[in-house]
Every structure is written in C-alpha cells, then in structure tokens.
Amino acid sequence: MRDVDRRDQLAWKHVELIRRRWKGKLVVKGLMSPEDPRIARESGVDGVILSNHGGRQLDYAVSGLRALPEIAATAEVCRRCWMVASAAAPT
Amino acid sequence: MTVFLNYSELRRLAQRRLPRGIFEYIDRGAEDEIGLRHNRLALDAVRIRPRVLTGDRPHSQAISLFGETYDAPMIVAPTAFAGLVWYRGEIALARAASAEGIALCAATDAISSVEEVAAASRGPIWFQLYLWKDREFTQSLLQRAWESGVRTLLVTCDTAVGPNREYNVHNGFDMPFRFSARNLCDAALHPRWLLGVLAKYMATGRVPGFANYPAGFHRNIFAAGKELPYDRDLSWEHIRRLRETWKGNLVLKGILRVDDALQAAKMGVDGIVVSNHGGRNLDSAVAPIEVLANIVDAVGEQITVIADSGVRRGGDVLKLLAIGARAVMLGRMPLYGTAVGGMSGASQAIRILRRELDIAMKLSGCRDFHQMDRSLLDTSGLLAGRVAAASAFE
C-alpha cells in the first residue's frame with residue numbers, strides 16, 4: 001500500500017534513484033536552503049526551483065526571491081543549472 | 001470542552017469564559033502594549049530556510065535540562081493565580097505537564113502550595129521565587145520548596161517594581177480583591193467561571209489565597225491581611241547570598257543584556273531565562289529573540305540559556321532553539337488551556353505546540369535539536385528598521 005501522505009523519509013538518495021531511471025531533464029522543486037542546490041547538482045539534477053510552495057507549507061519559511069541572491073551567487077551552480085524562482089503573482 | 005486548534009482559538013475561548021479582569025490580567029501587556037506587539041513582530045520577522053530531503057532518521061524532541069530528561073523543549077512558566085482560572089488550576093497544570101512529559105515551574109504567587117503542586121507532578125517541579133524583604137520568610141519558603149523535591153529555582157529579576165498595567169485599575173483587579181459594582185457584574189456575566197471556579201472554592205471551604213505565603217499574609221484574597229512586601233532593592237548581592245544558601249540549580253529569569261548574562265555566569269548561576277516577562281513589565285523592552293544570539297554566544301557554553309515571551313506556535317519554539325536557547329517557557333498558552341478545560345485543556349494546548357514543532361522540524365529538515373542552528377534561519381528581518389517599519393503598519 002503506497003503511503004501518499006508521509007514523505008518525511010525522502011532523502012537525496014531517492015533523487016539519485018530517480019536520476020538513474022529518468023533520461024530526460026530532472027528538476028527539484030522547493031529548495032530554499034543555500035547548500036541544497038549544490039547537493040542537487042552533485043546528484044545530477046538539471047534544474048532547481050526556489051520555492052516555498054506559495055506560502056502554503058511552512059508559514060515562516062523564507063520566500064524564493066529572498067533565497068535567490070545567495071544561491072545565485074554560487075557561480076558553479078548557475079553555470080550548470082537553470083533556476084526558476086517561484087513567487088506569488090502580484091494581484 | 002470545545003475544540004481548539006491553535007493559540008488564537010484557545011485564547012478566544014478563554015476570553016469568553018473568564019471574567020474580564022482575570023483575562024486581561026493574563027492577556028495584556030504594560031502601558032501602551034507596544035512591547036506585547038513587538039514580541040510577536042520580532043518572532044515573525046525571523047524566517048526559516050528549510051533543508052530538504054534529509055532522509056529517514058527518527059525524530060526526537062527530547063532534551064535534558066539540569067540533569068533531567070524531558071520529552072520536549074518546553075517548560076510551563078510560573079504564572080500567578082493559575083488557581084483562579086480553574087478550580088485548583090496549578091494542580092491541573094502540573095498534571096498536564098507530567099502527562100505531556102515537559103517540565104513545570106510553580107509560582108510563588110500561586111493559589112495551591114508548592115507542596116500540593118509537587119505532589120501532583122510525576123517528576124520534580126521547578127519553583128519560581130519573588131524575593132520578599134523578610135529574609136526569614138524567604139528562607140522558610142525555600143526550605144519548603146527543597147523538601148518538596150524542588151532542585152531548580154528560578155528567581156525573577158525583571159520585576160523590581162510593580163509594572164504599569166492600567167487595565168487592572170479599570171477592571172478593579174487588585175490584591176486584596178475588593179468587590180465593586182464593576183467586578184461583581186464582570187463575575188456575574190461569566191457564570192461558568194463563577195460556578196466552576198469561585199463557587200467550588202467556597203463550597204469546599206477553601207477561600208482562594210496565596211498558599212505559599214506565611215500564615216497571616218494574604219491567605220485569603222478577599223481579606224485585607226498584612227502586607228508582605230517584596231524586596232524592591234534586589235541586587236547582585238542578593239543573588240550572591242542566594243547562591244551560597246541554595247544548593248540546587250539557580251536560574252535568573254528576566255535577563256536581556258549580555259553584560260547581565262555575563263554577570264550571572266560570574267555569580268555561578270546555572271541558567272538564565274532571556275525574557276521580557278511576556279511584554280508585561282517594561283513596555284519598551286527589547287524582544288528576547290532580538291538579543292538571544294548575542295547572549296548565547298557570550299554565556300551559552302557555561303550556563304543553560306532558556307527563552308520566553310510571546311511563544312504561540314511550534315515554529316516560535318523552533319526559531320528560539322535554532323538561535324541557541326536550550327528550551328522555551330510557555331506562559332499564556334497552557335494557562336488558557338487550563339482556563340478552558342483544566343488538565344485536559346492544558347494537555348491539549350501543550351500537545352498542539354508539540355505537534356506544530358514536530359511539523360516545523362520535519363518541514364525544515366531537522367531530525368533533532370543538533371540540526372537546529374542559525375544556518376536554518378534568515379534573521380535579516382530583525383534589523384531595527386524592518387521590525388519598526390512593520391509595526392508602523394499595524
């Protein structure tokens with residue numbers, strides 16, 4: 001029986017597993033911590049989406065836009081990956 | 001008991017149930033209550049930078065404080081008159097804290113005595129002291145605390161004089177309690193409290209009073225009794241003397257400056273609580289979260305640093321721990337839980353905070369407190385300008 005609710009067992013090793021099986025472009029969505037895009041690149045990921053899930057998950061998480069400068073400054077990550085920062089659309 | 005899902009809902013339930021005088025005594029701050037708002041703005045200004053995909057190791061909220069292990073990094077704070085929000089409210093709180101595996105600090109100004117609260121608790125309780133001018137009375141109270149198994153003493157240092165809380169004057173909430181048309185009306189409009197709390201005390205012949213006070217002093221909140229003055233000239237000399245006589249853990253509550261924290265460490269205390277008394281004392285005081293990092297950096301290796309003031313969500317606990325506090329004290333939340341449902345209400349309040357902390361830890365990629373450090377946080381919002389600017393729009 002697949003556990004569709006609890007995903008707290010997920011680790012980078014699962015991303016590597018998916019990377020081995022998926023031949024197309026692989027993008028990891030929901031990163032905000034500065035070290036995570038580097039780990040993503042090392043796992044062979046093609047892109048990252050800086051996102052706090054539209055403010056719907058952790059109420060006091062930083063916004064993708066605030067996380068962007070520090071992460072973009074890591075030049076190595078920039079060269080290898082394309083980044084999309086998702087932010088709430090202004091109304 | 002009506003269901004509540006968070007602090008806000010719980011607070012509204014407590015507000016409906018408690019007479020206004022008692023509710024406002026607990027809920028509000030001092031003077032213009034800017035400090036009360038500032039505590040929340042400062043906490044909310046700190047954001048989290050969650051780590052993802054941190055794998056499947058077991059989660060734990062357990063901590064050890066002064067040699068005792070607890071299930072979560074929270075302590076029920078010493079709030080006065082908990083016995084006025086529920087019949088034997090301090091007992092209910094002690095039972096709730098034991099049931100939820102967290103520490104509890106009993107108050108000097110409690111309706112139930114330190115002996116009764118200790119008996120209701122599974123493990124040893126902590127005790128908070130307001131130093132009286134009469135040293136003999138203070139010593140005998142400390143003796144009673146010791147004999148009840150108390151080994152951790154919290155000395156309140158931030159209440160050198162009675163704070164300026166104007167609503168207490170308007171509500172006629174003072175000691176000794178004097179009936180007036182206003183507060184009689186207040187009590188009459190809150191029948192669940194009148195029947196559930198006050199009437200119960202009267203029926204059992206237990207007029208509420210300060211059970212920790214010596215005989216003849218405020219043992220009955222309605223009687224004038226003799227005045228037992230606090231020592232308003234508290235100084236480091238008092239702490240030095242206390243350090244010599246108290247053989248257990250000594251914690252100073254109400255530290256907001258690095259130099260005071262260093263002095264406390266120099267005096268040989270075992271811990272401090274970085275606190276502005278829930279925004280209830282000095283309206284212009286800094287928020288603990290603003291000064292916590294510097295204090296932890298100065299003394300965190302030598303003594304145990306605890307924090308409080310304004311904690312309402314598990315995320316607040318996460319932030320304070322990530323900055324470096326070992327644990328967090330909870331004043332209003334468990335007290336409102338007690339007001340609404342006695343032991344079950346208080347337990348439910350604590351459980352809610354623990355669940356929120358659990359979710360926050362999991363969404364931030366923290367398995368336990370070792371993974372909580374400042375790299376988890378974005379504290380740029382704490383810069384004076386930003387918090388001030390935010391409050392301008394309130």
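These legends describe several views of a predicted model.

**View 1. Chain B as a whole.** Chain B contains 15 helices and twelve strands. Its C-alpha atoms fill a box of roughly 60 × 50 × 40 Å along the principal axes. For 394 residues, a compact globule would have a radius of gyration near 21 Å, and the 20 Å of chain B agrees with this. Of the 394 residues, 58% count as buried. Among the contacts in chain B with a separation of 6 or more, 73% are between residues 24 or more positions apart. The chain exposes about 16200 Å², and carbon and sulfur atoms supply 53% of that area.

**View 2. Chain A as a whole.** Chain A has four helices and three strands. Starting at the N terminus, the order of these elements is α-β-α-β-α-α-β. Of the 91 residues of chain A, 36% count as buried. Contacts between residues at least 6 apart in sequence join residues at least 24 apart in 47% of cases in this chain.

View 3. Over all chains, the count of aromatic pairs comes to 13.

View 4. The rings of Trp146(B) and Trp246(B) form an edge-to-face pair, 5.2 Å centre to centre and with 85 degrees between the planes. Trp146(B) lies in helix 6 (residues 135-147) of chain B and Trp246(B) in the loop between helix 10 (236-245) and strand 8 (249-255), so the pair ties together parts that are 100 residues apart in sequence. Trp146(B) counts as partly exposed because its relative accessibility is 28%. Trp246(B), with a relative accessible area of 4%, is buried. The charged end of Arg151(B) sits over the ring of Trp146(B), 3.6 Å from the centre of that ring.

View 5. Tyr25(B), Phe81(B), Trp132(B), Phe173(B), Phe210(B) and Tyr213(B) are linked into a cluster by ring pairs. One of these residues, Tyr25(B), also has Arg280(B) over its face, at 5.0 Å from the ring centre.

**View 6. The surroundings of Lys226(B).** Lys226(B) is placed in the loop between helix 9 (191-203) and helix 10 of chain B. Leaving aside residues up to four places away in sequence, Lys226(B) touches Gly216(B), Phe217(B) and His218(B). Gly216(B) is ten residues from Lys226(B) along the chain, and their C-alpha atoms are separated by 6.5 Å.

**View 7. Two cysteines of chain B.** A disulfide is a covalent bond between the sulfur atoms of two cysteines. A search of the whole structure finds zero disulfides over all chains. Cys366(B) counts as buried, at 1% relative accessibility.

Technical notes
Residues numbered from 1 in each chain as written. Chains lettered and ligands numbered in written order. Predicted model: local features only at pLDDT ≥ 70, side-chain atom pairs only at ≥ 80, totals over all residues. Heavy atoms only, no water. Phe/Tyr/Trp six-rings, centres within 6.5 Å; stacked < 30°, edge-to-face > 60°. Helix = DSSP H or I, 4+ residues; strand = E, 2+ residues; numbered from the N terminus. Buried < 20%, exposed > 50% of the residue type's maximum accessible area, 1.4 Å probe, protein only. Lys NZ or Arg CZ within 6 Å of the ring centre and 35° of its normal. Disulfide = S-S within 2.5 Å. Rg over C-alpha atoms; globule rule 2.2 N^0.38 Å. Contact = heavy atoms within 4.5 Å. Areas by Shrake-Rupley, 256 points an atom, 1.4 Å probe, with all protein chains shown as cover.
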